[in-house]
Amino acid sequence: MAGDLILLAAVSLLSAFQHCHFAWLVGKSRMKHKVMPSSATGAPEFDRTFHAQQNCVEFYPVFLVGLWTAGCFFNQELASFLGVLYVFARYKYFYDCIPSVKGRLTGFHLNLIVLICLIALSAAGIVNSFLDEYLDFSIMKKVRKLL
């Protein structure tokens with residue numbers, strides 16, 4: 001079973017390392033700007049770093065649910081590819097946000113597109129699984145026959 005989920009697990013682990021890195025950068029920025037822990041405001045650069053990291057944390061559950069549901073019910077390879085694209089988009093968002101708030105939009109929009117794709121694939125996979133399990137009708141089998 002574990003071999004069947006290796007790509008999803010690898011992308012999940014990569015994204016977890018990325019979150020650790022972002023948290024470490026917030027701590028580094030706290031020390032640089034002398035912002036005491038539990039404070040969420042300080043120098044503008046710290047504020048942008050903290051905000052970027054918090055934004056990543058807020059979207060993380062949606063990403064993980066979308067990644068695993070799309071991977072298990074639709075296609076692991078496609079979901080994993082989108083997962084790696086999401087990690088890249090989060091990297092772009094984070095590093096473009098720190099110098100200026102205006103720079104964050106490209107990465108943020110790419111994040112939203114990837115999340116929408118993962119959620120759509122998840123829904124399609126669940127609907128197909130439901131139809132196949134309870135009504136003995138598989139959309140995916142019909143599509144494969146056509147192709």
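These legends describe close-up views of a predicted model.

**View 1. Asn111 sits in helix 4, which spans residues 105-135.**
Asn111 is buried, and its relative accessible area is 0%. That value counts as buried because the cut-off is under 20%. A polar atom of the Asn111 side chain lies 2.8 Å from the backbone oxygen of Gly107. Beyond its neighbours within four places in sequence, Asn111 touches Tyr86, Ala89, Arg90 and Tyr93.

**View 2. Helix 3 packs against helix 4.**
Two packed helices are described by the angle between their axes and the distance between the axes. Helix 3 covers residues 76-97. Its axis and that of helix 4 are 8 Å apart, at an angle of about 160 degrees. Helix 3 is therefore roughly antiparallel to helix 4, because angles over 145 degrees count that way. The crossing of this pair, helix 3 and helix 4, is left-handed. By class, the residues in the contact of helix 3 with helix 4 are 15 nonpolar, three polar and two charged.

**View 3. Helix 2 crosses helix 4.**
The axes of helix 2 and helix 4 come within 8 Å. They cross at roughly 35 degrees, and the crossing is left-handed. Helix 2 contributes Asn55, Phe59, Val62, Phe63, Gly66, Leu67, Thr69, Ala70 and Phe73. Helix 4 contributes residues including Phe108, Leu112, Leu115, Ile119, Ser122, Gly125 and Ser129. The contact of helix 2 with helix 4 has 13 nonpolar residues, six polar ones and no charged ones.

**View 4. Thr69 lies in helix 2.**
Thr69 is buried, with a relative accessible area of 18%. It counts as buried because 18% falls under the 20% cut-off. Leaving aside neighbours within four places in sequence, Thr69 is in contact with Phe74, Ser122 and Ile126. Ser122 and Ile126 belong to helix 4, and both take part in its contact with helix 2. Now consider Met140. Thr69 and Met140 are 71 residues apart in sequence. In space, their C-alpha atoms are 16 Å apart.

**View 5. Helix 1 packs against helix 3.**
The angle between helix 1 and helix 3 is about 10 degrees, and their axes are 9 Å apart. Helix 1 is therefore roughly parallel to helix 3, because angles under 35 degrees count that way. Helix 1 brings residues including Ile6, Leu7, Val11, Leu14, Ser15, Gln18, His21 and Phe22. Helix 3 brings residues including Glu77, Ser80, Val84, Val87, Arg90, Tyr91 and Phe94. The residues of the contact of helix 1 with helix 3 divide into 13 nonpolar, six polar and two charged.

**View 6. Gln18 belongs to helix 1.**
Gln18 has a relative accessibility of 10% and counts as buried. Apart from neighbours within four places in sequence, Gln18 touches Val87, Arg90 and Tyr91. Each of these partners is on the helix 3 side of the contact with helix 1. Arg90 is also among the residues in contact with Asn111.

**View 7. Lys34 and Val35 are in the loop between helix 1 and helix 2.**
Helix 1 covers residues 6-33, and helix 2 covers 44-73. Lys34 is exposed, at 72% relative accessibility. Val35 is buried, at 8%. Phi of Lys34 is near 55 degrees, a positive value in a residue other than glycine. Setting aside neighbours within four places in sequence, Val35 is in contact with Arg30, Thr41, Gly42 and Phe46. Leu14 is 21 residues from Val35 along the chain, and their C-alpha atoms are separated by 29 Å.

**View 8. Asp136 is found in the loop between helix 4 and helix 5.**
Helix 5 covers residues 139-146. Asp136 is exposed, with a relative accessible area of 69%. It counts as exposed because the cut-off is over 50%. Phi of Asp136 is near 50 degrees. That is a positive value in a residue other than glycine.

Notes. Residues are numbered from 1 along each chain as its sequence is written. This is a predicted model: local features need pLDDT of at least 70, side-chain atom pairs count only at pLDDT 80 or more; totals for chains, interfaces and linings use all residues. Side-chain values use heavy atoms; hydrogens and water are left out. Helices (H or I, at least four residues) and strands (E, at least two) are DSSP runs, numbered from the N terminus. Buried means under 20% relative accessible area, exposed over 50%, partly exposed in between (1.4 Å probe, protein chains only). A polar contact is a pair of N or O atoms within 3.5 Å; within protein, one must be able to donate a hydrogen and the other to accept it, and residues adjacent in sequence count only if both atoms are side-chain atoms. Contact means heavy atoms within 4.5 Å. Axes are lines fitted to C-alpha atoms, for helices over the stretch in contact, and angles run from 0 to 180 degrees between N-to-C directions. Angles under 35 degrees count as roughly parallel, over 145 as roughly antiparallel, 65 to 115 as roughly perpendicular and the rest as oblique. A crossing is left-handed if the near helix is turned anticlockwise from the far one by less than a right angle, and right-handed if clockwise. Ala, Val, Leu, Ile, Met, Phe, Trp, Tyr, Cys and Pro count as nonpolar, Asp, Glu, Lys and Arg as charged, and the others, Gly among them, as polar.
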